[in-house]
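Here's a quick tour of one protein model, written for someone who is new to reading structures. Keep the 3D view open and click along as you read.

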Amino acid sequence: MERQTQGRQKKIAVINDMSGYGRCSIAVSLPVISRLKVQCCVVPTAVFSNHTAYPNYFFDDYTERMPEYIRNWELLGLSFSGIYSGFLGSKEQIGIVRNFIETFREPDTQVIVDPVMGDHGKPYATYTEEMCLEMKELVRFADILTPNLTEACILTDTSYKGKWRKKEIVEMADNLMEQGPGKVVITGITQGGYIANYVCERGKTGKFLRTVRVGTQRCGTGDLFASIIAADAVNGVDFAASVKKASGFVKKSIEKAIEMEIPVTDGVPFEEILDKLK
């Protein structure tokens, strides 16, 4: 079926899980992307009552339903300015995302892959070696890749360590770009009292962008960052400017969480300052 423009508003297909409580994944992406005047079209990978950092939770895996869900979008001939994938819970889901990109990608479609695989030097307990290999395949399809330092190490078979020279970060980013993406940002690089992101773009000189480190790491901040990057990508915002905007907004959201004494598990109250995001 011929692709339908479905009006002139830009749209992003967001492939991620839905948590009813706790501010992460789709619960973050939907309001943030909408605020940036892009329609957020959700492909759910799973449904959680709340995210898994809480002591108990309800979980419904959506893997078996995803192909039929997506097939109906294909039958409708829908088109998207962007495709953005977040946390994926199995090898099968990573394969479904790859098929989705192959089906819906058009010449101007921006594909953003946030390879949510691990943190603090270790892959998440759910991530098997087989899944890591499958994610490396998915990276080849990305226009924009947003790994944290741990994920960059996994994707480049680099041993994680506590301290890094800038040259080593640059080499990892170059390695990632050789795998396919034209734009890469490696996030969460500690530099004393600062948190840095290394931004590189094919044909341009890479740069480290720093913000003052505040508070502690909170659930959903990665989703917040990547959602801004995704919406900006389809809106044609300069990549480095987008990274600077996203990291600044995350910092302000963490500061607001501290001010309001929000529990760490509850993420950041970005709703309080969402009107400032442009």
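This is a predicted model: local features need pLDDT of at least 70, side-chain atom pairs count only at pLDDT 80 or more; totals for chains, interfaces and linings use all residues.

Which residues line the largest cavity? They are I144, K183, I229, D232, A233, V237, F239 and S242.

**The cavity**

- The structure holds one cavity of 30 Å³ or more, and the volume of the largest cavity comes to about 40 Å³.
- Helix 7, which runs over 221–234, and helix 8 each give at least two residues to the lining of the largest cavity.
- Helix 7 provides the largest share of that lining, namely three residues.
- Sort the lining residues by type and you get five nonpolar, one polar and two charged.
- S242 is one of the lining residues, and S242 sits in helix 8.
- Is S242 buried or exposed? S242 has a relative accessible area of 2%, so S242 is buried, the cut-off for that being under 20%.
- Leaving out residues up to four places away in sequence, S242 touches I228, I229, D232 and V237. Now look back at the cavity: I229, D232 and V237 are among the residues that line it.

**Helix 2 against helix 3**

- Two packed helices are described by the angle between their axes and the distance between the axes.
- For helix 2 (residues 66–76) and helix 3 (residues 91–104), the angle is about 5° and the axes are 11 Å apart.
- An angle under 35 degrees counts as roughly parallel, so helix 2 and helix 3 are roughly parallel to each other.
- On the helix 2 side, the contact is made by M66, P67, I70, W73 and E74. On the helix 3 side, Q93, I96, F100, T103 and F104 take part.
- By type, the residues in this contact of helix 2 with helix 3 are seven nonpolar, two polar and one charged.
- An α-helix has 3.6 residues a turn, so residues three or four places apart point the same way.

**Helix 3 against helix 4**

- Helix 3 also packs with helix 4: their axes come within 9 Å and cross at roughly 10°.
- Which way do they run? Helix 3 and helix 4 are roughly parallel to each other, because their angle is under the 35 degrees cut-off.
- In this contact, K91, I94, G95, V97, R98 and I101 of helix 3 meet E130, M131, E134, M135, E137 and L138 of helix 4.
- The residues of this contact divide into six nonpolar, one polar and five charged.

**What covers helix 4**

- Helix 4 covers residues 129–139, and its M131, C132, E134, M135, K136, L138 and V139 are buried.
- What lies over these buried residues? The cover includes strand 4 (82–85), helix 3, strand 5 (110–113), strand 8 (144–145) and helix 5 (149–156).

**Two residues with positive phi**

- D157 has a phi near 55°, which is a positive value in a residue other than glycine.
- You'll find D157 in the loop between helix 5 and helix 6 (166–178), and at 66% relative accessibility D157 counts as exposed.
- E261 also has a phi near 55°, again positive in a residue other than glycine.
- E261 is in the segment after helix 8, and at 70% relative accessibility E261 counts as exposed.

- V264 is in the segment after helix 8 (239–259), and with 38% relative accessibility V264 counts as partly exposed.
- V264 and A53 are 211 residues apart in sequence, and their C-alpha atoms are 9.7 Å apart in space.
- Setting aside residues up to four places away in sequence, V264 touches T216, Q217, R218 and C219.
- G188 belongs to strand 9 (residues 183–191) and is partly exposed, at a relative accessible area of 40%.
- G188 and H120 are 68 residues apart along the chain, with 9.8 Å between their C-alpha atoms.
- Again not counting residues up to four places away in sequence, G188 touches I195, A196 and N197.

Key: Residues are numbered from 1 along each chain as its sequence is written. Side-chain values use heavy atoms; hydrogens and water are left out. Axes are lines fitted to C-alpha atoms, for helices over the stretch in contact, and angles run from 0 to 180 degrees between N-to-C directions. Helices (H or I, at least four residues) and strands (E, at least two) are DSSP runs, numbered from the N terminus. Angles under 35 degrees count as roughly parallel, over 145 as roughly antiparallel, 65 to 115 as roughly perpendicular and the rest as oblique. Contact means heavy atoms within 4.5 Å. Ala, Val, Leu, Ile, Met, Phe, Trp, Tyr, Cys and Pro count as nonpolar, Asp, Glu, Lys and Arg as charged, and the others, Gly among them, as polar. Buried means under 20% relative accessible area, exposed over 50%, partly exposed in between (1.4 Å probe, protein chains only). On a 1 Å grid over the protein atoms alone, a cavity is a set of points where a 1.4 Å probe fits but cannot get out, and a pocket is an open set with protein on both sides within 12 Å along at least five of seven lines; lining residues have an atom within 4 Å of a point. Grid points are joined across faces, edges and corners, and a volume is the space filled by probe spheres set on the points.
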